[in-house]
Amino acid sequence: MKGLLSLLLLVVAGVAEEDLAPIIKEHPSSIVTPRNEPATLNCAAARASRITWFRDGEEVVTSSQDPRSHRVFLPSGSLFFLRVSTGKRDSDAGTYWCVASNKYGSVQSRNATLTVATLSSEFQREPEPLVKARVGESVTLSCRPPKGFPTPDIVWLRNKQEVTNSSRVTVTSAGDLVIDEAVKEDSANYVCRAHNVVGAREARPSKLTVMTPPWFEERPANLTVVSGTVVELACGGRGSPMPQVTWRRLDGKMPLGRAMIEDQRLILQQVSAIDSGVYVCEIESEAGVATATATLTVVDAPKLIQRPQDHLVLEGDPVQLSCSVEGDPEPLLLWRLPTESRSTLLLATQSNGNANIAENGQALFLNKSATDDTGLYKCWGVSNGGGVSAQAQIIVVKAHPPPVIGIGPKDQTVAPGGGVTFPCEGVSESAEPTLTWWFRPAAHLPSRRLSESTEKPRVSIAENGALILRELSVDDAGIYKCVAEASTGKVEQEAILRVSKDAVAKLPSYLPAPPSKPRVMAVTETSVYLSWLPNSHVANSTSQGYVVEHWRLGWEEWRIADATVEQESCVVMHLTPGQTYTFLIRAVNGSGTSFPSPWSDPVTTHDPEDDSITAADIRHAQRRLSRSILTLVNASAVTPDSVFLKWEFLTPVEDSVEGVLAYAVSVKGSIHLTTVYGFTTQSSYTMQDLHPNTAYTFFLVPFWRKLEGTPSNSHSLTTPEDVPVAAPSDVRVTLREDGSTLITWTPLSTEEARGKVIGYHVTLTHNGTHITETVPSAWLEARGLTNGRLYTVRVAAITGAGHGPFSAPLLMDAGPGNTQTYHDVHAVNSDDPNVIFAQAQTGWLIYLLIPLVIVMFFATLFYIRRLHQKTPPSIQHPPPTVYQDPSIYPAHHSVNMYSEQKLWRPGASGDSSMSSGLPPCPDQMPNEYAEPRLQQANETAEPYATTALLVPASPRLGRNGGYWRGPHQDPNLHVNWNAFIPPPPVFAQPATNQEHPSNCRMCIATSQYDNVGSSQQYNKPCDAASDHTYEPYSQVAPVNVRDKFPTFNSLQAKGRQKACDETHSAENKNPPHSNTH
């Protein structure tokens, strides 16, 4: 017992000691710290009297033990390092643990490792300082961090901003920056940074340049220019880096000396035909190379080789105008006639009225000119190189001006025995005049003609027409007259000869020289401005004046317009509007009057017009329009019948252009003109109503009022194809003995096709089944058709734009193969082209009729039995009509057999809410219900339907009123009404509860559906005097009628009659009787 007690005391003492032993409350943790940086290893214990630190099994010497030590033991039990050392002789790196102890024992903590972090200053691999890549390529910037512990992390900086991973940019585990599908925005400065607890290291910057391949901001365009001009071929290259531009020529040498590059553009000076070719613009950079080509075509502008000349012709005489234009390409030559219509243009071999054009187009003929042909004729030559214009005035007159006396005789006085010369010279530019001399002694005496043959040799007439008199006597004194006569008229001038002894001889004098041909400078309604030049042999110091003479149709001689003109110009006033005048000028000095000048060109004064147009305005417009001011930039087809035109004005036109005339000349010579008013520095217009698949030449002509300028260059194109506008005609079907069928038709004309016909669609239809064949030619051999069937044939032409309309249906009877003969089948004459004729197919009809008849039979029996149960036999009048609920069928409305609600107009009298319009007679509108055949009381009731299912709307076809007959005599051939008959209605026409007006009366008519007009008659109420159109009758309930079986007609008439009797019994004393008995 004593031993047991001792053992228990020992156990209790051991437990007590164990409870008093130290306990580690905080174990040290492993740390990583940079060198020379402070660090702390924590350790805390309870009931410990002493804590000791060990490193790698050796006790740690602290500052309390060695003042030089940088290790400090803290009161809390932690070990503090003032600076972590990594020296070879004294290194703090190692495995540490702490031991807490007291008198009752000691306890050891968990181990903790102190690691000294390191980071080298040099990267193992750095990215290249300059990296270039193309857009879309993958870029990798390599980076390996410096050696260190712990292993340093890597981040990438883009322009000092940290790069984050994305779908396109990633940083690999090794430290590389990868950019997929690089874009230009990726260009930047990139830096690889490595960091750990020691710090961070940055690699040298890497500049990434993402290059954009060269691309064209502006490509050179094909050009067609006129020789002698300056050409600029544009080429704008862009990219990163900026590309270099190089020009070269593919098919020849670059014209050195005339070619230069300016702002990437190629400029060619004074181009000629040898400069035509293909030019290449090449742009190149580190990112790649791009090229663009342009074709330069240098054409010669049209040149006028021969200009038409003005003509003054007599009415009925032929006239020819010649105009020759050359160029490469060959210009299109057109003649513009002087008509109000600006579309009157003639090409080679064309004619208009009296005007005819030669085969080569270089001459215009007026075989028999008329006064209406007077006007300004223009010759236009156009090509893609430019346009030229020349004009000539043709004046057709009924008569030419009469001749004039160039130098006429003057009064003279001579001594007896002397001699004298009277000059006289006739002048005419239209006919050769004939001169004659006449003499009379006194004014009151008759004249006699002088000639060399009848007088003495002392009288002679010179070759120039002068009269020479010699050995004069007193008897020779008198009046001498010179007469100049031509086919255009005559003119005469007289002189007096005096023979006297007192005559004094005169010294000879010289007449002034004639001036130049007068030019017409301006014309108004009543005035003409003329200008001329003096004779070149007249000295400037010579003083002389001028006389202006003029003539117009109807005058027998020339008249003086102005006799006192001091300068070489004159405005002739007081002329008649709309008249043609011719002018001549004579010089005048002290010696007399000169020979006349050449006649002016005929000029016609203007008709009364807008007074706001001045001669200055006309001259200004003519001067501006006489040169080329317009160029057609482009002509492109928009639709098969429209073309977009774009043009530019070469110079500012101010107010001298009112608009442009847009011409389209087809290859067949037709002219399409559109007048476009208004203008800008760049204008456009879309010409409409052109012909598809037609070659056109387009050009423009500027105009101001009635003045037209020089045409522009031309553009030629062919409008796109369109679908045919018509169907093939004359479709014929021929059945052959071998069982095949030949289908032929007439091809379309060019105007109808509106394109190149590439084939035809041929459609064969039978009972809704379509077979379409496409053939390249205008015939089809059909094989494999089923004998005994009817087919409809339709044909349509096909162009590149699609197929056109189909021809009218043509009925084709395949027929039995062993009895078929050759024949032609013509088109069906039907108002409805959708009706298909085929063999009657009765299968579906039988399946439809059998259940329908059964259902209708039982329904009729049930209906009659129910009616007998409800109606007492003693009642002789019909009950109220069924379906009287106005909520179901409102007043004035009905539902016809097709479930269509229609408005019924109220009657002429009575309350509109209680009365309805009268139903029509059969001749007013067709009945929509089949009428039952009338039966006697002893006959068996037969079921009938109130809906027409299988017959057409009317048994008569066409307008002739005859009954329909099939297109042939085959009794088994019927109309396939199934193609157009509507589906059966859901229910029949309901009745209404409205009464009839006071003017209700009956008409007798025959149902058009009762055995084709052979049914008995029945009474229907109607208003014969009204032209209203009403809906068909409403169905009423049948009743028992004495001695006869009730029918639809009898019930209908009885119901209507009863309604009339109840409402107006006093007025209708004798209501119409029924026709059912």
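Q: Which strands form the open sheet that holds β23, β27 and β26, and in what order?
A: This is a predicted model, and the sheet has three strands in the order β23-β27-β26. Their pairing is antiparallel. The edge strands are β23 (231-233) and β26 (259-262), each pairing on one side only. Neighbouring strands are turned by 25° against each other on average, with direction ignored.

Q: How many bridges join β23 to β27?
A: Three bridges join β23 to β27 (residues 265-268), and the two run antiparallel.

Q: How do side chains lie along a regular strand?
A: They alternate between the two faces of the sheet.

Q: What is the strand order in the open sheet with β43, β47 and β48?
A: The order is β43-β48-β47, with antiparallel pairing and three strands in the sheet. β43 (420-422) and β47 (459-461) each have a single partner strand, so one side of each is left without a neighbour in the sheet. Here the twist averages 15° from one strand to the next. Between β43 and β48 (residues 467-469) there are three bridges in the antiparallel sense. V420 has L469 as its bridge partner in β48.

Q: How do β67 and β68 pair, and over how many bridges?
A: Strand β67 (residues 729-735) and strand β68 (residues 741-746) are antiparallel partners over five bridges. S729 faces T746 of β68 across the pair. The hairpin has five residues between the strands, and G739 takes a positive phi near 95° there.

Q: Where is N693, and what is its phi?
A: N693 lies in the loop between β63 (682-687) and β64 (695-704). Its phi is near 55°, a positive value in a residue other than glycine. With a relative accessible area of 32%, N693 is partly exposed.

Q: Where does P150 sit, and what is the peptide bond from F149 to P150: cis or trans?
A: That bond is cis, with omega near -10°. P150 sits in the loop between β14 (148-149) and β15 (153-158). A cis peptide bond also joins D328 and P329, with omega about 10°. P329 belongs to the loop between β33 (324-326) and β34 (332-336).

Q: How many residues has the largest nonpolar core, and which have the most contacts inside it?
A: The largest nonpolar core has 23 residues, and L645, W647 and F698 have the most contacts inside it. At least two residues each come from α2 (615-625), β59 (630-639), β60 (642-649), β61 (659-666) and β64. Beyond four places in sequence, L645 touches L632, A662, Y685 and F698, among others. A second, separate core has 22 residues, including W555, C570, W599 and V603.

Q: How many aromatic pairs does the structure hold?
A: There are 16 aromatic pairs. Start with Y663 and F699: the ring centres are 5.2 Å apart and the planes are at 15°, so the pair is stacked. Y663 is in strand β61 and F699 in strand β64, 36 residues apart. Both Y663 and F699 are buried.

Q: What kind of pair do Y677 and F703 form?
A: Theirs is an edge-to-face pair, 5.7 Å centre to centre with 85° between the planes. Y677 is in strand β62 (residues 671-677) and F703 in strand β64, 26 residues apart. Y677 is exposed, with a relative accessible area of 56%. F703, at 1% relative accessibility, counts as buried.

Q: Which residues do ring pairs link into a cluster?
A: The cluster holds F422, W437, F439 and Y480.

Q: How should I read coordinates where pLDDT is low?
A: They should not be read in detail. In this model the chain averages a pLDDT of 77, and 74% of the residues score at least 70. Over residues 817-842 the pLDDT is below 50, and this stretch has 50 contacts beyond near neighbours in sequence. Residues 873-1077 also stay under 50, with 318 contacts beyond four places in sequence.

Notes. Residues are numbered from 1 along each chain as its sequence is written. This is a predicted model: local features need pLDDT of at least 70, side-chain atom pairs count only at pLDDT 80 or more; totals for chains, interfaces and linings use all residues. Side-chain values use heavy atoms; hydrogens and water are left out. Helices (H or I, at least four residues) and strands (E, at least two) are DSSP runs, numbered from the N terminus. Buried means under 20% relative accessible area, exposed over 50%, partly exposed in between (1.4 Å probe, protein chains only). Two strands pair if DSSP finds at least two bridges between them. Axes are lines fitted to C-alpha atoms, for helices over the stretch in contact, and angles run from 0 to 180 degrees between N-to-C directions. A nonpolar core is a set of buried Ala, Val, Leu, Ile, Met, Phe, Trp, Tyr and Cys residues joined through side-chain atoms within 4.5 Å. Contact means heavy atoms within 4.5 Å. pLDDT is the predictor's confidence in each residue, from 0 to 100. Rings of Phe, Tyr and Trp (its six-membered ring) pair if their centres lie within 6.5 Å; planes under 30 degrees apart count as stacked, over 60 as edge-to-face and the rest as tilted.
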